[in-house]
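Work through the exercises below with the sequence and the 3D view open. Try each task before reading its solution.

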Protein chains: 4
Amino acid sequence: MVRVGIVGASGYSGAELMRILSVRKDVALVAVTANTSAGQRVDALYPALAGSVDLEFRAYDPAAFPDVDVAFVALPSGQGMGVVPDLLERAGKVIDLGGDFRLKDPALYEQFYRHTHTAPSLLPRAVYGLPEMNGPALRTASLVANPGCYPTSAILGLLPALKAGIVKPEGIVVNSVSGISGAGRSASVEMSFSELNENVRAYKIGAHQHVPEIESALRDGAGTPVTVSFVPHLVPITRGIHTTISAAWTSPVTADELRELYASAYAGAPFVRVTGSYPQIQSVVRTNYCDVHPTVDRRAGRVVILSVIDNLVKGAAGQAVQNMNLMCGFPEETGLR
Amino acid sequence: MVRVGIVGASGYSGAELMRILSVRKDVALVAVTANTSAGQRVDALYPALAGSVDLEFRAYDPAAFPDVDVAFVALPSGQGMGVVPDLLERAGKVIDLGGDFRLKDPALYEQFYRHTHTAPSLLPRAVYGLPEMNGPALRTASLVANPGCYPTSAILGLLPALKAGIVKPEGIVVNSVSGISGAGRSASVEMSFSELNENVRAYKIGAHQHVPEIESALRDGAGTPVTVSFVPHLVPITRGIHTTISAAWTSPVTADELRELYASAYAGAPFVRVTGSYPQIQSVVRTNYCDVHPTVDRRAGRVVILSVIDNLVKGAAGQAVQNMNLMCGFPEETGLR
Amino acid sequence: MVRVGIVGASGYSGAELMRILSVRKDVALVAVTANTSAGQRVDALYPALAGSVDLEFRAYDPAAFPDVDVAFVALPSGQGMGVVPDLLERAGKVIDLGGDFRLKDPALYEQFYRHTHTAPSLLPRAVYGLPEMNGPALRTASLVANPGCYPTSAILGLLPALKAGIVKPEGIVVNSVSGISGAGRSASVEMSFSELNENVRAYKIGAHQHVPEIESALRDGAGTPVTVSFVPHLVPITRGIHTTISAAWTSPVTADELRELYASAYAGAPFVRVTGSYPQIQSVVRTNYCDVHPTVDRRAGRVVILSVIDNLVKGAAGQAVQNMNLMCGFPEETGLR
Amino acid sequence: MVRVGIVGASGYSGAELMRILSVRKDVALVAVTANTSAGQRVDALYPALAGSVDLEFRAYDPAAFPDVDVAFVALPSGQGMGVVPDLLERAGKVIDLGGDFRLKDPALYEQFYRHTHTAPSLLPRAVYGLPEMNGPALRTASLVANPGCYPTSAILGLLPALKAGIVKPEGIVVNSVSGISGAGRSASVEMSFSELNENVRAYKIGAHQHVPEIESALRDGAGTPVTVSFVPHLVPITRGIHTTISAAWTSPVTADELRELYASAYAGAPFVRVTGSYPQIQSVVRTNYCDVHPTVDRRAGRVVILSVIDNLVKGAAGQAVQNMNLMCGFPEETGLR
């Protein structure tokens with residue numbers, strides 16, 4: 001029985017973690033913290049968890065935090081680095097769902113996240129938690145930087161084509177549309193129903209903190225510098241990301257050839273499905289799957305890759321549990337079907 | 001008093017035309033045809049029009065169609081060319097909301113629309129009905145090819161930058177997300193609520209019939225061949241298109257410089273607003289506005305232009321009325337505020 | 001030219017008022033106040049109004065408020081009574097869209113609104129602004145209490161049957177579902193997209209402030225005490241209310257008889273349509289119509305009446321303009337088609 | 001290992017059954033039939049099931065249907081009775097998700113379903129599959145009539161109050177709003193996204209086939225004749241039913257007393273949660289829970305009960321599996337957490 005705790009459990013990623021972990025018989029969820037909801041029962045905030053999670057939120061206090069084997073950190077970026085060093089000493093295995101340990105270069109972190117990094121000495125130790133890319137390293141990792149939601153969809157979509165040299169590494173255009181839960185559980189006019197319903201809008205063009213994450217991971221995975229122009233958009237759905245990637249081909253290729261390449265690249269990946277038709281968010285919602293579909297725009301000489309995930313599952317909590325499974329020696333798919 | 005008729009009035013574009021025209025005091029709507037709804041009152045099919053449109057649909061019969069000054073054709077592509085020649089003789093002014101007269105080259109039409117063109121002799125006479133591009137020609141036009149919804153948003157977004165030589169005319173990536181009404185009023189599992197709600201999916205990559213329309217209009221407007229890679233998507237909203245355009249810049253430019261260029265290009269256009277912040281579909285729904293916002297992704301060396309319209313208004317019926325206003329000598333904005 | 005001002009113009013009702021009034025040629029909108037958005041341009045907060053409303057919000061200052069013929073007050077309930085006395089002296093005609101002047105009995109007001117009434121001496125002077133009930137009185141009114149959104153739909157649905165003695169005045173059950181804009185423009189987790197989308201929930205059962213408003217108006221209109229059990233619900237749409245009313249019949253009646261009774265009751269009402277089929281929110285969105293459909297559940301011996309409105313138009317701003325039209329001697333429908 | 005088959009598996013209830021059953025290790029899904037999709041792979045129609053269900057749909061042919069221990073029938077009402085007699089002989093245990101075996105009286109069936117009943121001799125044998133009411137009988141049943149979605153929510157909401165004599169059995173008003181998946185997977189303009197989105201409408205008032213089902217079950221459960229006036233509505237969500245029940249109380253009661261009564265009534269029911277606050281559809285979506293909240297409208301002297309379920313889970317496939325668990329001797333909750 002693996003004992004786990006969640007620090008920052010009251011947001012949507014934390015709730016999704018609780019939902020996934022609460023049905024596991026090989027895992028005991030022993031503590032959930034949330035400073036703003038301290039003293040409140042979990043099922044008062046999330047009635048859906050009534051009958052499944054019999055805990056109340058506590059404020060995070062390192063001294064009072066129980067012994068756990070694995071600690072998940074689901075705090076906003078900038079706050080994770082404040083608790084990770086301590087948790088790492090005590091728990092031995094830490095999975096941070098925020099952005100604080102995803103970039104190896106603290107300067108790049110500070111440029112995009114607008115915080116000074118307070119635990120840079122841990123950065124070399126952090127393993128980027130994309131199992132399809134870093135599976136072996138994850139099996140022995142102590143600190144895992146769980147990928148961002150947009151990067152998960154973009155990297156899984158691009159990596160095979162880049163590694164195979166089929167697309168040019170510069171001038172790549174990545175357009176994503178995301179469900180609103182990606183913005184977290186927050187009180188603002190901007191995130192209110194009436195402002196987002198029947199609406200679509202872009203945000204943070206060229207400035208989103210996921211840009212350096214995408215580029216770094218692709219460079220590490222493909223062994224070549226990569227530039228992407230990334231435009232995220234909000235669409236009125238609760239969950240899901242649809243990413244459309246456009247890259248100039250290096251020489252003509254067919255959709256069938258691409259599909260074979262991708263099928264082969266992901267042959268051993270239990271949560272990536274290379275689809276024969278255009279993928280849909282509906283097919284992956286509430287699952288840990290990433291559905292990927294590579295195709296071509298022959299007239300324009302470009303490869304177009306479509307990739308969909310549930311931002312809270314494969315884009316956050318599900319992938320975190322997949323990483324936990326690897327770190328703890330469980331079968332990779334445990335609890336994620 | 002201008003007498004108008006609508007052929008193919010029972011679809012969403014036809015209904016929107018009726019809605020817009022029914023409040024005009026200078027226009028008399030005298031006939032609406034719809035073969036599948038013949039004999040049915042308009043307000044039985046569209047209860048929203050009760051009290052505004054006191055007509056019933058008839059089957060289209062050239063012999064029985066009343067004398068009108070302007071005929072709108074809102075039939076599916078492939079059917080418009082069957083009625084336009086006759087209507088042109090009788091009405092003098094015809095505005096086709098379908099795709100049959102948008103491409104000058106019948107071979108290109110046949111490649112993308114999969115129909116043989118049966119009225120190619122009229123193609124030279126058709127004026128492409130984008131007032132911001134072809135205003136003067138529209139004032140004397142007898143046959144107007146009303147633009148497609150995606151092309152309206154893409155062309156208005158790209159034209160100023162292309163004309164000014166600020167972006168490269170090749171390697172342009174156009175991603176659009178559209179509300180479902182763009183697919184028309186139709187009975188299919190694919191278009192049913194449960195299949196589209198909480199979902200996003202792409203379709204017709206590299207094969208959409210609006211690709212040659214976008215490229216042709218941009219070539220005509222900018223005087224240079226243009227290649228775009230266009231990916232349309234469906235998102236669960238009823239109305240609206242959000243188009244995100246990405247093009248490599250020819251040399252560095254700032255967002256402010258772009259905004260000035262666009263403001264100047266659209267200074268005389270009553271229905272294009274160059275916005276200071278990212279545009280939103282909500283701001284243009286049920287209006288004839290196109291909100292355009294040009295900006296840059298400096299790191300990637302690209303110009304990014306966002307453009308939003310209501311697909312049924314500026315993308316169809318509203319623009320058709322704007323064209324009618326020009327053709328009939330009404331002030332351009334009449335009935336569209 | 002009638003000069004009008006809006007106090008509390010930054011909420012959704014205020015924005016809708018600006019939208020409706022800005023296209024009027026016989027009305028000049030000269031001032032809009034909003035304490036929280038003071039100094040901001042209207043089109044910065046509502047980009048949809050760019051090109052239509054060239055004003056900025058000011059803080060409300062009685063001394064600086066310009067001379068107007070009509071003042072609309074769109075403040076939250078409890079705040080309207082603070083400004084109405086002064087505005088009434090200066091403007092002569094005041095229309096309050098909040099709840100402060102709808103109930104004649106200050107004790108009842110205080111019970112349901114949880115505020116002490118600070119201007120009870122004005123209550124006798126206030127005319128309840130439902131034109132279909134109080135048309136003549138509204139033509140000479142100086143202070144109009146514009147009805148609440150739920151009451152508008154419930155009263156228009158029930159009044160003819162009650163007046164005709166067809167249904168019992170006790171044991172009436174009113175269930176309404178409302179779009180989210182009815183809750184106003186506000187920052188709260190509860191009103192955020194992810195909490196409301198794909199969700200339905202009831203609220204304030206037996207305690208909603210619209211209960212005494214519905215009962216008072218029905219009693220005044222039908223001349224008999226009335227008890228309703230009212231359950232409001234939120235559904236994930238932006239605009240619209242669908243109200244389902246169930247009342248025991250006094251003796252058997254047919255749907256046809258009911259429809260004739262209602263058609264006759266609303267023969268002179270330009271904004272009430274008695275429909276032949278079940279009404280839909282879609283038919284009235286962005287219009288000032290109330291569509292009403294009375295029918296029967298023969299087995300259960302009950303009359304069932306369905307009633308739909310747009311909560312921001314007939315349920316707020318549109319009805320306020322309808323009232324202004326009556327007060328100022330304009331044709332009732334001006335600017336509302 | 002229990003071998004199961006599904007007849008009529010291509011609709012939404014069938015797909016949900018496949019989703020639930022495919023993760024069971026104690027159940028083997030060996031056949032799925034669907035005449036209209038015969039020859040198609042399950043994951044071609046439902047890409048979400050790729051990797052989970054490795055079957056193709058076959059036309060239903062009694063001769064070729066494999067030996068199973070349990071047969072689920074998910075055909076439209078009127079078609080189930082054509083296959084159930086044969087399946088009953090071969091499988092021994094049949095669970096019909098349609099309406100053909102829910103009413104004991106064939107005349108009542110014919111009145112509401114508009115079909116002649118072709119297997120009336122099986123009606124006495126059918127057990128109404130609401131485990132919270134008929135648990136013991138279900139453990140030995142061979143033919144189970146799985147309840148309708150609306151009845152599940154209405155009966156679970158009303159039964160404790162009726163049995164305790166707290167509400168009057170006549171004049172009960174039941175208002176339900178349902179997600180669109182309840183209407184099934186079908187091609188029609190009426191069910192298309194653009195017609196249902198941002199819309200609410202009632203249907204089949206006093207004529208819905210679930211009315212006699214609700215009344216019969218309540219009469220059987222409470223031992224007294226019951227009359228309900230039921231109004232179903234469609235709201236733009238995919239899944240979920242929210243039912244609001246209003247009944248005159250027999251004598252004053254408090255919300256606390258009601259809650260205790262209900263908590264006690266459902267003490268042994270693993271899938272009914274009596275909630276302390278108003279229940280929400282979001283809390284039960286994709287679960288087999290029914291959340292029930294009884295309260296009072298003191299002014300009106302009425303008990304108001306709110307009840308929410310997922311129409312495809314507790315309202316169809318989940319409840320069917322709950323019944324299978326009982327029939328086969330599995331723990332009731334197996335595979336439903």
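The exercises that follow concern a predicted model.

**Exercise 1. Two packed helices**

Task: Describe how helices H4 and H8 of chain A pack, and find which residues meet.

Solution. 
- Step 1. Recall what is needed. Two packed helices are described by an angle and a distance, both taken from their axes.
- Step 2. Locate the helices. H4(A) covers residues 106–113 and H8(A) covers residues 210–222.
- Step 3. The angle is about 145°, and the axes lie 9 Å apart.
- Step 4. List the residues. H4(A) brings Leu108(A), Phe112(A) and Tyr113(A). H8(A) brings Val211(A), Pro212(A), Glu213(A) and Ser216(A).
- Step 5. Sort them. Five residues of this contact are nonpolar, one is polar and one is charged.

**Exercise 2. The interface of chains A and B**

Task: Characterise the contact between chain A and chain B, from its area to its make-up.

Solution. 
- Step 1. Count residues. Chain A puts 46 residues in contact with 46 residues of chain B.
- Step 2. State the area. The two chains bury about 3500 Å² between them, and 55% of that is on carbon and sulfur atoms.
- Step 3. Find the top contributors. Of the area that chain A buries against chain B, 18% comes from Glu198(A), Ile205(A) and Arg299(A), more than from any other three residues.
- Step 4. Look for charge pairs. There are two salt bridges between chain A and chain B. In a salt bridge, the side chain of Arg299(B) meets that of Glu215(A) at 2.4 Å, N to O.
- Step 5. Trace the elements. Those that each supply at least two residues to the side of chain A that touches chain B include helix H7 (193–196), strand E8 (201–202) and strand E9 (228–234) of chain A. The largest share, five residues, comes from E9(A).
- Step 6. Classify that side of chain A. It divides into 21 nonpolar, 16 polar and nine charged residues.

**Exercise 3. A mixed sheet in chain A**

Task: Work out the strand order of the seven-stranded sheet of chain A and what lies across it.

Solution. 
- Step 1. Read the order. The open sheet runs E8-E9-E7-E10-E13-E12-E11, with mixed pairing.
- Step 2. Find the edges. E8(A) and E11(A) each have a single partner strand, so one side of each lacks a neighbour in the sheet.
- Step 3. Examine a pair. E12(A) and E13(A) are antiparallel and joined by seven bridges. Within E13(A), Val304(A) stands opposite Thr295(A).
- Step 4. Place the helix. H6(A), residues 149–163, lies across E7, E9, E10, E11, E12 and E13 of chain A. H6(A) runs at about 35° to E10(A).

**Exercise 4. The interface of chains D and B**

Task: Which residues and elements of chain D build its contact with chain B?

Solution. 
- Step 1. Count residues. 18 residues of chain D are in contact with 18 of chain B.
- Step 2. State the area. About 1500 Å² is buried between them, 56% of it on carbon and sulfur atoms.
- Step 3. Val189(D), Phe193(D) and Ser194(D) supply 39% of the area that chain D buries against chain B, more than any other three residues.
- Step 4. Check the charges. Two salt bridges cross this interface. Arg185(B) forms a salt bridge with Glu195(D), with the closest N and O atoms 3.8 Å apart.
- Step 5. Pick the leading element. H7(D), residues 193–196, gives the most to the side of chain D that touches chain B, with four residues.
- Step 6. Classify that side of chain D. It holds nine nonpolar, seven polar and two charged residues.

**Exercise 5. A parallel sheet in chain B**

Solution. 
- Step 1. Examine a pair. E1(B) and E2(B) pair over six bridges. Ile6(B) has Val32(B) in E2(B) as its bridge partner.

How values were computed:
Residues numbered from 1 in each chain as written. Chains lettered and ligands numbered in written order. Predicted model: local features only at pLDDT ≥ 70, side-chain atom pairs only at ≥ 80, totals over all residues. Heavy atoms only, no water. Axes fitted to C-alpha atoms, helices over the stretch in contact; angles between N-to-C directions. Contact = heavy atoms within 4.5 Å. Nonpolar A, V, L, I, M, F, W, Y, C, P; charged D, E, K, R; others polar. Buried area = accessible area lost by both parts, 1.4 Å probe. Salt bridge = Lys/Arg side-chain N within 4 Å of Asp/Glu carboxyl O. Pairing = 2+ DSSP bridges.
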